[in-house]
Amino acid sequence: MYEIIRGRIQNGAYPPGSKIPTVLELVAEFQIANVTAQKVYKKLREDGLIYTEPGMGSFVVEDEGDSLQP
């Protein structure tokens, strides 16, 4: 799932500054466990691809720089 979401960020499906689906939406879309979806988002945050605003959701970073390079 990480690679799919990362790919969506890379190809502009989720442009910089945009809100990405919630953990629950990811669970529903991919039929995965909640804990798995949380791990995906944790890794995306660690890699500097997204940030989370408590109570607001998760967003693609505005300045992705070289963090999206393979």
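**View 1. The aromatic pair.** One aromatic pair turns up in a search of the whole structure. Tyr51 and Phe59 are stacked, because their ring centres are 5.6 Å apart and their planes meet at 25°. (Rings of Phe, Tyr and Trp, the last by its six-membered ring, pair if centres lie within 6.5 Å; planes under 30 degrees apart are stacked, over 60 edge-to-face, the rest tilted.) Phe59 is buried at 14% relative accessible area; Tyr51 is partly exposed at 31%. (Buried is under 20%, exposed over 50%, partly exposed in between, with a 1.4 Å probe and protein chains only.)

The model is predicted: local features need pLDDT of at least 70, side-chain atom pairs pLDDT 80 or more, while totals for chains, interfaces and linings use all residues. Numbering runs from 1 along each chain as its sequence is written, and side-chain values use heavy atoms, without hydrogens or water.

**View 2. Ser18 and its contacts.** Ser18 is buried, at 19% relative accessibility. Beyond neighbours within four places in sequence, Ser18 touches Ser58, Phe59 and Val60 (contact: heavy atoms within 4.5 Å).

**View 3. Arg8 and Glu29.** The salt bridge between Arg8 and Glu29 has its closest N and O atoms 2.6 Å apart (a side-chain nitrogen of Lys or Arg within 4 Å of a carboxyl oxygen of Asp or Glu). Glu29 is partly exposed at 40%.

**View 4. Lys43 between two partners.** Lys43 forms a salt bridge with Asp47 at 3.2 Å, closest N to O. The charged end of Lys43 also sits over the ring of Tyr2, 5.7 Å from its centre (NZ of Lys or CZ of Arg within 6 Å of the ring centre and within 35 degrees of the ring normal).
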